[in-house]
2 protein chains.
Amino acid sequence: MKIVVDCMGGDNAPYSTVEGIVEAIKEFNIEVIATGDKNVLEENFRKYEFDKTKLEIIHTSEIILNEDKPVKAIRGKKDSSMVVALNLVKEGKADAIVSAGNTGALLAGGLFVLGRIKGIDRPALCTFLPNKEGMSILLDAGANADCKPRNLLEFGVMGSVYASKILDLESPKVAIVNVGQEEGKGNELTKKSYDLLKTNEDINFIGNVEARDISFGYTDVIVCDGFTGNVVLKVTEGVAMSVFSMLKDTFLTNMKTKIAAMFLKDDLKALKKNLDYSEYGGAPLLGVNGGLIKAHGSSNSKAIKNAIKQGIHFANGNVLNEIKFKIDKLGVDQIE
Amino acid sequence: MKIVVDCMGGDNAPYSTVEGIVEAIKEFNIEVIATGDKNVLEENFRKYEFDKTKLEIIHTSEIILNEDKPVKAIRGKKDSSMVVALNLVKEGKADAIVSAGNTGALLAGGLFVLGRIKGIDRPALCTFLPNKEGMSILLDAGANADCKPRNLLEFGVMGSVYASKILDLESPKVAIVNVGQEEGKGNELTKKSYDLLKTNEDINFIGNVEARDISFGYTDVIVCDGFTGNVVLKVTEGVAMSVFSMLKDTFLTNMKTKIAAMFLKDDLKALKKNLDYSEYGGAPLLGVNGGLIKAHGSSNSKAIKNAIKQGIHFANGNVLNEIKFKIDKLGVDQIE
């Protein structure tokens, strides 16, 4: 098992990436390749004690910045930490890449360097969504703003494979985000996607899920276009944050509420953490020909470690081959 | 000022509609027409003491049920409490209709009975969205699952008029719900809508608002297609509810947290109420030729009273004529 980490990508790179790698090597006993400026990385890794035989540093001379145009950056910066890392996955020298760098560039890199799985029209970002019962996965979380019905079918198949491996479910429940539960509800996309998903025998399609019910955890795999997915994730984040901010104001009302706040401090911290989806490491780009885990731009070392863990699960679970098998069986290229 | 209330529509009709009307007559000193079964209504109104000269009951023999097909119901049930009430607005005998009945039928009734304002392609449901700073309005909240760019422009103009009257703002800030703030972000619809809205001089367009920031109140009028609007509203509702439900679990952890909960009870109740968008009465359907306020199906008497209040504001604020003036000036029929 070997994971390659783009050590120069992310707001806190290379400190968070280096520390995350050290923690991952200690905790999961795996081999890691780190791409980036050799001098900088060696200087940073020197601070930690860990089994250095597990680490290989590959020097790269360029960095893809957040303000770089995605496609131009991937095509132009051939010796960047991100492109070199992607090529290592492509050549089979690493099982998955983890990067907290420029999201657009990483998605473009997935398409251009790793390539799409045969039969997949649009790869999708797949993210964890904490809910009252535990965890769901949602895709597409934002890679494709406009989608066709066949894309949502592909998302359902890929998400189903991923959830069965990662959440250890035998037959994950798959649903479409919609404005009502009944068949026939929604916009053109959801109506046509419903027809496609309900006739597929490989997935456990349970119909539509109303956006209101997502956070209650009635479903395991939630599919939607990337625009809707992004809205769901960001409203969830925003509302949770503003409720906590209002709670904080409530706590400051008077002496009684201040005492109550003191009593609740630890429990509320745990609750807030449970709701913060950035805690759950990275989001895999499903549908490309290799393991690719996108970590948050603002990842700290723990988030990087968790993203590496997801890369390990992705490779161990044989997710890629399983998706290839299911998509091949689907013959989705027949569908418009 | 005269408001007509469809007394037979809604889960709690006619009890909630009758009580809501009584409260509204007492509080706002207005005239109300009640449509519905005369015997039933008279029997219910008899329970209350109020100025009965303010009330007129118009007998109707049919009821549009929740399971009725919208268009068929509006066309077929000519003597229903809803259709008769709509006709009273059309004929100028009432300034606005309030109904908690079948939503689809009410929207269809708005289109077929009242008709669209000249120049409006798609009327939109406009709803209040509580936020940290106070209140925003969002449209379309679900009347049109699929929209064209010109629709979002119309929503911006209509929402702007409504917010200036109802929230008493001189120049309401208008924004498009999007996946990023920068121009050029989003799907085909939001990109093209951005171009239309930014060149319009009648509205204070501030660009895109990320779904994450909606609940923080940076903007007054939020425009989007009805699918996205519905998702935003329902995720907001769902997350707020599930956070409160998790809080409740947290409170039950041990003796300390139980005491804290006791201290916080009243403040939390107030906070929860502030977040519940059903508290804010009804949602007007903007763009039809008359005042139409859709109340929640589950409205209690207070919600009915608040919806009547919105009808009064709508009529007093001259919202209809102002929208007609702005849309005429827009010449939006030129736009594809």
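Welcome: begin by showing chain A and chain B together, where the count is 4 salt bridges (a salt bridge is a side-chain nitrogen of Lys or Arg within 4 Å of a carboxyl oxygen of Asp or Glu). Before moving on, note that this is a predicted model, in which local features need pLDDT of at least 70, side-chain atom pairs count only at pLDDT 80 or more, and totals for chains, interfaces and linings use all residues. Residues are numbered from 1 along each chain as its sequence is written, chains are lettered from A and ligands numbered from 1 in the order in which they are written, and side-chain values use heavy atoms, with hydrogens and water left out.

**Stop 1: between the chains**

Select A:Arg212 and B:Glu237, which form a salt bridge with their closest N and O atoms 3.3 Å apart. Now colour the elements that give two or more residues to the side of chain A that touches chain B: β7 (173-178), α7 (188-198), α8 (226-251) and α9 (255-275) of chain A. Helices (H or I, at least four residues) and strands (E, at least two) are DSSP runs, numbered from the N terminus. Of these elements, α8(A) gives the most, with 21 residues. On this side of chain A, the residues divide into 23 nonpolar, 15 polar and 10 charged; here Ala, Val, Leu, Ile, Met, Phe, Trp, Tyr, Cys and Pro count as nonpolar, Asp, Glu, Lys and Arg as charged, and the others, Gly among them, as polar.

Zoom out for the whole interface: 48 residues of chain A are in contact (heavy atoms within 4.5 Å) with 48 residues of chain B. The buried area is about 4500 Å², and carbon and sulfur atoms give 75% of this; buried area is the accessible area (1.4 Å probe) that two parts lose on being put together, summed over both.

**Stop 2: helix α8 of chain B**

Next, pick B:Lys234, in helix α8 of chain B. Is B:Lys234 buried or exposed? At 10% relative accessibility, B:Lys234 counts as buried, because buried means under 20% relative accessible area, exposed over 50%, and partly exposed in between (1.4 Å probe, protein chains only). Beyond its neighbours within four places in sequence, B:Lys234 touches A:Val179, A:Glu210, A:Ala211 and A:Arg212.

B:Val232 also has its place in helix α8 (residues 226-251) of chain B, and is buried with a relative accessible area of 0%. Setting aside neighbours within four places in sequence, B:Val232 is in contact with A:Val231, A:Val235, B:Leu129, B:Leu138 and B:Ile214.

**Stop 3: strand β5 of chain B**

Now select residues 124-130 of chain B, strand β5; 7 of its 7 residues are buried, so the strand is largely enclosed by the rest of the structure. Show side chains: B:Ala124, B:Cys126, B:Phe128 and B:Pro130 point one way, while B:Leu125, B:Thr127 and B:Leu129 point the other way.

Two strands pair if DSSP finds at least two bridges between them. B:Thr127 stands opposite B:Leu138. The two strands form a hairpin with 4 residues between them, and B:Gly134 in the turn has a positive phi of about 155°.
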